[in-house]
2 protein chains.
Amino acid sequence: MSGPFFRSRWVEPPPRVVQRDPTGLPDGFRAAGVSCGLKGGGGTDLGLIVCDAEPADSAILLTASATAAAPVRVCRDRLRQGSIGAAIVNSGNANAATGDQGLADALALRESAASALGLDPDRVAVAETGVIGVPLEIEPVLAAVAGLAGSLEPEGAVAFSEAIMTTDQWPKRCTLESDGVTISAQAKGAGMIEPGFATMLCLVQTDALLPDAEARLRSAVSTSFERITVDGQMSTNDTVLLQASGRSGKELPTGLLEAVLLQLALEIVADGEGATRVGRIEVSGAADDREAEVVARRIANSPLVKTALLGRDPNWGRIAQAAGAALAGADVGELGPESISAEELAGDGDEVELGLVLDRGSGTAAVYFSDLTHEYIRINAEYTT
Amino acid sequence: MSGPFFRSRWVEPPPRVVQRDPTGLPDGFRAAGVSCGLKGGGGTDLGLIVCDAEPADSAILLTASATAAAPVRVCRDRLRQGSIGAAIVNSGNANAATGDQGLADALALRESAASALGLDPDRVAVAETGVIGVPLEIEPVLAAVAGLAGSLEPEGAVAFSEAIMTTDQWPKRCTLESDGVTISAQAKGAGMIEPGFATMLCLVQTDALLPDAEARLRSAVSTSFERITVDGQMSTNDTVLLQASGRSGKELPTGLLEAVLLQLALEIVADGEGATRVGRIEVSGAADDREAEVVARRIANSPLVKTALLGRDPNWGRIAQAAGAALAGADVGELGPESISAEELAGDGDEVELGLVLDRGSGTAAVYFSDLTHEYIRINAEYTT
């Protein structure tokens, strides 16, 4: 799934989509990525993305974690969410569990970017990912901001997408055009991050008009990033930002944002720690969509189902058991092979479709998940802080 | 933890407890175990336990799974729960997801035991554990019941505890005496059970007077079997039965039932699939006990925490992250090392004490859990149905 875009059987792009050079950004955007020494080894670790249009529509969604990191708190509490002009992102340090100093550092980073760009600080988002519980060495980061701003360019998407990676095995990005609108996105996923957190970041840019950016983003996230799981662990730093320059003068085509986010979400699952296969469980016939989601998520997070995905074991019983646990207290009778599709588990595909049909109503939901592998254990057990 | 009783540091037996020969049962009970061919290889797989006192107090707790197995349905819907005289238990087949025929089989098994014992069928509990989704071959089982009833004896606890095992590495049982009251218990745990279910069964006998059997059992289970997790998976067949003959004429000493159930629960965790270490996470300072339990359970089921337990990694960040996810939507600030005890992770002990102190109220809870190991992956991925 790491190749060209729209490789997943589960992504249905809208008609007339054309893939563009992934270095490209929609009209009105510039990006850059530089090294500021956080990662070590000289890798790029500081990225900036700017919308030059004024005013620009935008929306940001943040982790619901009760122990959210400093940059998330800054974005949550001190951002004009509808007109975000820029985002500065560092990898190598999540600035989480770093106390008051961490908050001050996140604010300083934002202030520095705002100053270099001539923007109000409350129009600059900040995101960070990497080691947690370790104070950020902020001085070298701040010192790199002016050079970063000076290297902004319309072809900066690749540099930016690489600067936000942690232990992702490949950068996750795309630039697509459909009906005269261009959209680009860069994401990073759930690789191992010292000492054991994983963060999902995704930044999306479009030249469409998007006055309803928040509603559109919420809706697209609800069927993509909200429907994936690697190991059921919510991060302190998860952030999804959507910016729209409006320069195309056109509406965003239906389904385009959804396809982009779903593909990037699936890449994150496929590149999850130790993952070798991606499963999709669709639950139908639940009392309502919410119940369907709860059941699907329980199945997707079941270590027994995840090891069956690894082991190519068409084990419908494990799906029945997880569903029974999710619906504890109800009585759904005995779910047998007539209600469960698990045959693809035994196949050779990297993408495995699973199904569960309940008899409780018309609720449906699908969740995407990775398998649980020896490599996951190795990564997470053999690493010691 | 597989040795003599009360080996766990977390079990506090009441004073004046004496360990008795584990073949022994309290006055008023007889037990037996025979082979009826379900397991293959000639292992014992059919057990019977009988209380000869009339009337006897009793209580039974059953899985809340919405896909409960046939024997659970029989016990739930067709049992005089306060005066259970006997229990018949087979291993080798869980009789789950077996439809109407499975229900008929469970009823036939019970009828057969009731007839052999001269009891009303609605005073006989039935429990089954083993492969699911496979019809029970009931005829050989029924044919073995008369011989089973004929071999009942007051020293039958060992034979019974072995007959209920599936892939447990050791039988889980004890017989204790305290203040003139004897209590015995037999349990089986979460080994691999084709095709991938695990079942917890526990049968407890005492010669105490126990008119409040259900309340006592519920309370003791709430701090033992309700507080353990191997892989967060609820079984279709979980059953805990408590029977009291009253023959001692005495009350049950405070703490005795709790200690017995906690020790057996800990043995089940220690003998969980692939487990090498047992952790105990105590959450305090939560808004209430319920919240504390939710947070503790989330930590205990976190694959990142479970691999840290395996890897001897004193990684407080993983505990903070799981707590943040459990409390999503709230704001607990940043949980740092001052709120989290994770040092024992790095030690050599088989039992690892972890702590999280919140600042939200006075709620507390503890959950016990196993580590997540390569052996767990091997067992569950390399086995194919």
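## Helix α1 and the sheet of chain B

Two residues count as in contact here if their C-beta atoms, placed from the backbone, lie within 7 Å. By that rule, helix α1 (residues 70-77) of chain B lies across β4 and β11 (239-244) of chain B, and its direction is at about 135° to that of β4(B). Helix α5 (residues 213-222) of chain B also packs on the sheet, where α5 touches β4 and β11 of chain B and makes an angle of about 40° with β4(B). The model described here is predicted.

How much of α1(B) is buried? Of its 8 residues, 6 are buried, so α1(B) is largely enclosed by the rest of the structure. The buried residues are A70(B), P71(B), V72(B), R73(B), V74(B) and C75(B). Their cover includes β4 and β11 of chain B, together with α2 (99-117) and β6 (124-131) of chain B.

## Strand order in chain B

The sheet in chain B is open and has 6 strands, in the order β1-β7-β8-β9-β11-β4, with mixed pairing. At its edges are β1 (17-19) and β4 (57-62) of chain B, each of which pairs on one side only. On average, neighbouring strands of the sheet are turned by 15° against each other, direction ignored.

P22(B) sits in the loop between β1 and β2 (29-34) of chain B. Is P22(B) buried, partly exposed or exposed? A residue needs 20 or more C-beta neighbours within 10 Å to count as buried. P22(B) has 19 C-beta neighbours inside 10 Å, so P22(B) counts as partly exposed.

Leaving aside residues up to four places away in sequence, P22(B) touches A157(B), V158(B), R173(B), C174(B) and T175(B). Computed along the chain is one thing and through space another: P22(B) and L201(B) lie 179 residues apart in sequence, and their C-alpha atoms are 18 Å apart.

## Strand β11 in chain A

Strand β11 (residues 239-244) of chain A has 6 of its 6 residues buried, so β11(A) is largely enclosed by the rest of the structure. T239(A), L241(A) and Q243(A) point one way from the strand, while V240(A), L242(A) and A244(A) point the other way; all are buried.

Two pairings of β11(A) can be described. Strand β4 (residues 57-62) of chain A runs antiparallel to β11(A), and 6 bridges join them. In that pairing, A244(A) of β11(A) is the bridge partner of D57(A). Strand β9 (residues 201-206) of chain A pairs with β11(A) in the parallel sense, also over 6 bridges. There, L203(A) has L241(A) as its bridge partner in β11(A).

## Two domains in chain A

Chain A is divided into domain 1, covering 17-267, and domain 2, covering 278-382. Taken over C-alpha atoms, the centres of the two domains of chain A are 31 Å apart.

Where they meet, 9 residues of domain 1 of chain A are in contact with 11 residues of domain 2 of chain A. On the domain 1 side, the elements that give two or more residues are β10 (228-229) and α6 (256-270) of chain A. By class, this side has 5 nonpolar, 3 polar and 1 charged residues.

## How the chains meet

The contact between the chains takes 53 residues from chain A and 53 residues from chain B. On the chain A side, α8 (303-311), α9 (316-326) and α10 (374-382) of chain A each supply at least two residues. Of these, α9(A) gives the most, with 7 residues. The chain A side divides into 25 nonpolar, 22 polar and 6 charged residues.

Which surface does each copy use? Of the interface residues of chain A, 100% are also interface residues in chain B, so the copies meet through the same surface.

Terms used
Residues are numbered from 1 along each chain as its sequence is written. Chains are lettered from A and ligands numbered from 1 in the order in which they are written. This is a predicted model: local features need pLDDT of at least 70, side-chain atom pairs count only at pLDDT 80 or more; totals for chains, interfaces and linings use all residues. Domain bounds come from an automatic or database domain assignment. Helices (H or I, at least four residues) and strands (E, at least two) are DSSP runs, numbered from the N terminus. Ala, Val, Leu, Ile, Met, Phe, Trp, Tyr, Cys and Pro count as nonpolar, Asp, Glu, Lys and Arg as charged, and the others, Gly among them, as polar. Two strands pair if DSSP finds at least two bridges between them. Axes are lines fitted to C-alpha atoms, for helices over the stretch in contact, and angles run from 0 to 180 degrees between N-to-C directions. A residue is buried if 20 or more other C-beta atoms lie within 10 Å of its own, exposed if 12 or fewer, and partly exposed in between; C-beta atoms are placed from the backbone.
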